[in-house]
Amino acid sequence: MRFIHIADVHLGAHPDAGETYSERRPRELWDSFSRIIALCEKEKADILLIAGDLFHRQPLLRELKEVNYLFSTLLHTQVVFIAGNHDYIKRDSYYRTFDWNHNVHFLQEAEMGCAVLAQLDLAVYGFSYHAREIREEKYHIKAPGKYRYEILLAHGGDERHIPVKRETLETSGFDYIAMGHIHKPQVLVENLAVYAGALEPVDKNDTGQHGYVWGEITERGTFTEFIPAAVREYIHLALRTNESMTNGSLKDYISDVIEKRGVGNMYKFILRGLRDPAVEFDTGHMDTYGNILEIVDETQPAYDYQSLYEENKNNLIGRYIEAFEGCGEGSIEHQALQEGVQALLDSRL
């Protein structure tokens, strides 16, 4: 039996995207989801598992209709999904009354239930969130062993969203546990309990690759593979500066880095190192491609402390420099020297 496992699609979200991609990024989430549906059909996956947070918030009726249409195009694949903490089922949610296509199995109850797919001799277990937070451990169940294949859909993994213990999952007896909520793909138990991660990154801290899990269950066991599929990636990079850099050369340096790492990605840069004391980096004007989310300037001015001391030996600046004589570059004391001298010089302006 072959399956595709996704989670945390967050349809309806407006991800951090920078000037160039902000308007198109919400549509890209839908496009990526559509590509997964097409992939299911192309590869004739037996089942599509969606482990919560298909939507970023309560789905609109028209959004459910769009998703249902996509599901209806699947001629071979059955779909099983749950609601997570973002799209949890409110009292007036359209989730409660929506009429899904015959190949869609929505485990919408607040307690554990299952979808039985007789043609596959498969049962998929799970439940949906009916509140934004669930602090109770609820995934300590055992596979009943009634069907050839038994899978658990699970959404959670932190103290406010169903805490999860690795050893509990490891001894659960399920053939596979499709997990959601944690946006970075990761394996809790090899080929058994896997976070697919967010299909597309939606927050600037969702760094690294994103995509889906391809899996197969055979007589020899369960085998899974993470497949990168996201259109864009959030990349955080520390850039080393020196005292010869100007605003123009720094902007060119940043542009070169972006060209090498991919213009289609989105970036946060942290500037570290030295700069000419006469230069202040104008980080608000470094965004050549419109894909920089943030530039954090942690640079320090490259003062000639000996010359400064000679010029100021009879005042507070000179005495301050003298107090740090012999401190090693890169030490906490040297950092205090740099910041203190800067503050004293600024106070004279």
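**Group meeting talk: pocket, cavity and sheet**

The lining of the largest pocket comprises 1 nonpolar, 7 polar and 4 charged residues. In this classification Ala, Val, Leu, Ile, Met, Phe, Trp, Tyr, Cys and Pro are nonpolar, Asp, Glu, Lys and Arg are charged, and the others, Gly among them, are polar.

Colleagues, this is a predicted model, in which local features need pLDDT of at least 70, side-chain atom pairs count only at pLDDT 80 or more, and totals for chains, interfaces and linings use all residues. Residues are numbered from 1 along each chain as its sequence is written, and side-chain values use heavy atoms, with hydrogens and water left out.

Let me stay with the pocket. Its volume is about 270 Å³, where a volume is the space filled by probe spheres set on grid points joined across faces, edges and corners. On a 1 Å grid over the protein atoms alone, a pocket is an open set of points with protein on both sides within 12 Å along at least five of seven lines; a cavity is a set where a 1.4 Å probe fits but cannot get out; and lining residues have an atom within 4 Å of a point. Among the residues lining the largest pocket are R240, R272, E298, E329, H334 and Q338. Strand β14 (266-275) and helix α8 (332-347) each supply at least two residues of that lining. Here helices (H or I, at least four residues) and strands (E, at least two) are DSSP runs, numbered from the N terminus.

How many cavities of 30 Å³ or more does the structure hold? There is 1. The largest cavity contains about 50 Å³ of space. Its lining is made up of E137, K138, Y139, H140, P163, V164, K165, T168 and L169, which divide into 4 nonpolar, 2 polar and 3 charged residues.

Finally, the sheet. An open sheet is formed by 6 strands in the order β4-β3-β2-β1-β11-β12, with mixed pairing; two strands pair if DSSP finds at least two bridges between them. At the edges lie β4 (104-106) and β12 (221-228), each pairing on one side only.

Consider β11 (residues 211-218) and β12 together. They run antiparallel and are joined by 8 bridges, and they form a hairpin with 2 residues between them. Which residue of β12 is the bridge partner of Y212? The partner is I227. Likewise, W214 stands opposite E225 in β12.
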